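Work through the exercises below with the model in view. Each task is followed by a solution in steps.

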Amino acid sequence: MTGTVDNISHLGGNPNFKFIQQDVTEFIFLDAPVNYVWHFASPASPIDYLELPIQTLKVGSLGTHKALGLAKNKGARFLIASTSEIYGDPLVHPQTEEYWGNVNTIGLRGCYDEVKRFAEAMTMAYHREHKVETRIVRIFNTYGPRMRLNDGRVVPAFVSQALKNKPVTVFGQGKQTRSFCYVSDLIEGIYRLMMSSYNLPVNIGNPTEMTMLDFAREIIRATGSRSKIVFRPLPQDDPKQRRPDISRARKYLTWEPKVALAQGLVETIMYFRKKI
């Protein structure tokens, strides 16, 4: 979300591919060629965006506007990281890109859900009005090493609780569903989208769906934990089901996830063991 133009790293060890990080809520000027603009700036954890609602709204609105302005000025291709949260608590299942969503605009989660919807609208406006090459990726639940222990999302929460042999906290009755995509699969899908010629939103996620209760049991099994499952009230506007329809990704990107949940959890749990 923030940074300076001095913060430059080389992607994949390729010295010709420079990544420049900058505060995107301010005017962005770079005295260098720009081929691609990857706009991932935003809090994504519920802990973060509930604590920083105005900053989340600013980076998704002002930040998207400034990043699109850079892409327009440089003739660069632009990709916005959107989210499955634009579907809200969905009334359509699984969620296709044609579904418009069911979002509480004034709820606690609205700062994140609505600004991502706005960012998509801004992106398509620049595509239509200024002919900017744009890409929109709707990211579903993703997991893997290097997540924060206190991230507020279900994978680090369940894994850290299980590794400490503490009660694993399941909200509601655990009947709500999620679909988990391993990080390497996600990155491959996003890269393929940026390099494609497709400009409408594309779901990137794993369509294998499971309940939170079953997921908690899987985490306890995979960690060899002695944890018990405890139940807590559902948070406001918590989606009851989440599963991507990835027909577009299969058709236009020749992409689908390869890493099974059991395989991905091995690497993820290994990382968290070292942290704990």
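**Exercise 1.** Which residues line the largest cavity?

Solution. The model is predicted. Begin with the count: the structure holds one cavity of 30 Å³ or more. The volume of the largest cavity is about 50 Å³. Its lining consists of His39, Ala41, Ser42, Gly60, Thr64, Ile80, Val115, Lys116 and Ala119.

**Exercise 2.** Sort the lining of the largest cavity by class, and state which element supplies the largest share.

Solution. By class, four residues of the lining are nonpolar, four are polar and one is charged. Next, look at the elements: α2 and α3 each contribute at least two lining residues. The largest share, three residues, comes from α3.

**Exercise 3.** Describe how helices α2 and α3 are arranged: what are the angle and the distance between their axes?

Solution. Helix α2 covers residues 53–74 and helix α3 covers residues 110–130. They pack at an angle of about 15°, and their axes are 9 Å apart. Angles under 35 degrees count as roughly parallel, and α2 and α3 are therefore roughly parallel to each other. Their crossing is right-handed.

**Exercise 4.** Find residues through which α2 meets α3, and give the classes in this contact.

Solution. On the α2 side, the residues include Pro53, Leu57, Gly60, Thr64, Leu68 and Lys72. On the α3 side, they include Cys111, Val115, Phe118, Ala119, Met122 and Tyr126. By class, the contact of α2 with α3 has 10 nonpolar, eight polar and one charged residues.

How values were computed
Residues numbered from 1 in each chain as written. Predicted model: local features only at pLDDT ≥ 70, side-chain atom pairs only at ≥ 80, totals over all residues. Heavy atoms only, no water. Axes fitted to C-alpha atoms, helices over the stretch in contact; angles between N-to-C directions. Helix = DSSP H or I, 4+ residues; strand = E, 2+ residues; numbered from the N terminus. Parallel < 35°, antiparallel > 145°, perpendicular 65-115°, else oblique. Left-handed = near helix turned anticlockwise from the far one by under 90°. Contact = heavy atoms within 4.5 Å. Nonpolar A, V, L, I, M, F, W, Y, C, P; charged D, E, K, R; others polar. 1 Å grid on protein atoms, 1.4 Å probe; cavity = no way out; pocket = protein on both sides within 12 Å on 5 of 7 lines; lining within 4 Å. Points joined across faces, edges and corners; volume = space filled by probe spheres on them.
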